[in-house]
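Visitor: I'd like to learn how to read a few features of a model like this one. Could you walk me through them?
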Amino acid sequence: MYKVAIIEDDEPTSGQIRGWVLSAAPDIEVTQWFTRDDAEAAITREDYDLVILDIELGRDRHAGVAIINAINKVGSGTPVLVVSAMPAAIYRGIMKALDAWDYLQKTTFEEPEFIETFLDMLRAAKHRRQNVENAVSKPADEELSIDPLRQGAPFWRGKRVNVPLTAQRILATLFERRGEVVSYDELFAVVKSGRNRENIRKHISTLREAFRELDEHFDCIENVPMRGFRWIP
């Protein structure tokens with residue numbers, strides 16, 4: 001059974017979204033949270049397949065941002081749909097930069113648009129779960145396993161590597177081109193914000209640290225001075 005978290009402080013709106021979710025997928029388990037503290041605790045405790053959230057929760061105008069960051073920190077790759085009254089022209093780009101799946105502005109969309117977006121997310125969640133299961137079942141000597149949709153955490157020698165989604169995308173690009181130098185310009189196309197060399201180097205550092213938590217001898221990401229980086233098979 002797939003699990004969905006709805007994080008929305010307005011109870012009628014939360015109930016409406018819950019009804020739409022269940023009308024699209026009656027077998028899904030839906031959990032509703034109304035405060036940032038409860039939602040963040042649930043994110044660290046539960047493995048949700050999808051999360052639907054508002055940006056503002058009560059007086060906390062940026063609660064949704066904090067919750068998305070918490071999801072990214074866990075490194076689960078859980079698709080997040082933001083449903084907010086804040087102007088989409090301003091906030092869609094911000095939420096995308098935080099690796100949210102999509103942004104729907106309240107009062108500007110109808111049930112069919114929500115359901116279409118939700119079902120796209122559900123399909124991605126199914127692929128993510130299948131790839132995680134496949135990765136866990138692989139022998140440890142198949143060193144790196146990556147979700148081809150780039151929506152699930154990678155596995156190193158059978159162990160999950162906890163890195164944010166942007167770092168996952170950089171890793172997937174390096175691994176896809178393994179043995180070749182991937183230039184900074186090519187890596188800029190992978191990130192959604194901070195398209196500069198210093199930011200890329202920070203993501204690479206995050207990757208190396210995450211791998212070395214599992215394998216102190218990890219040394220597969222090579223720095224090629226003035227050019228970029230290379231995954232060494």
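This is a predicted model: local features need pLDDT of at least 70, side-chain atom pairs count only at pLDDT 80 or more; totals for chains, interfaces and linings use all residues.

Visitor: Where is Met226 found?
Guide: Look in the loop between β10 (221–224) and β11 (228–231).

Visitor: What about the phi of Met226?
Guide: First the general idea: most residues other than glycine have a negative phi. Met226 isn't a glycine, yet its phi is positive, near 70°. Thr107 is another non-glycine with a positive phi, about 75°. That residue sits in the loop between β5 (102–105) and α5 (111–137).

Visitor: Is Thr107 buried or exposed?
Guide: Exposed, because its relative accessibility is 80%.

Visitor: Now helices. At roughly what angle do the axes of α2 and α3 cross?
Guide: Roughly 10°, with the axes of α2 (residues 36–45) and α3 (residues 63–74) coming within 10 Å. Angles under 35 degrees count as roughly parallel, so α2 is roughly parallel to α3. On the α2 side, the contact is made by Arg36, Ala39, Glu40 and Ile43; α3 brings residues including Ala66, Ile67 and Ile71. By class, this contact has 8 nonpolar, 2 charged and no polar residues.

Visitor: And what is the strand order in the open sheet of 3 strands?
Guide: The order is β6-β7-β8, and the pairing is antiparallel. At the edges you'll find β6 (144–145) and β8 (159–160), each pairing on one side only. Between β6 and β7 (residues 155–156) there are 2 bridges; Leu144 has Trp156 in β7 as its bridge partner.

How values were computed
Residues are numbered from 1 along each chain as its sequence is written. Side-chain values use heavy atoms; hydrogens and water are left out. Axes are lines fitted to C-alpha atoms, for helices over the stretch in contact, and angles run from 0 to 180 degrees between N-to-C directions. Helices (H or I, at least four residues) and strands (E, at least two) are DSSP runs, numbered from the N terminus. Angles under 35 degrees count as roughly parallel, over 145 as roughly antiparallel, 65 to 115 as roughly perpendicular and the rest as oblique. Contact means heavy atoms within 4.5 Å. Ala, Val, Leu, Ile, Met, Phe, Trp, Tyr, Cys and Pro count as nonpolar, Asp, Glu, Lys and Arg as charged, and the others, Gly among them, as polar. Two strands pair if DSSP finds at least two bridges between them. Buried means under 20% relative accessible area, exposed over 50%, partly exposed in between (1.4 Å probe, protein chains only).
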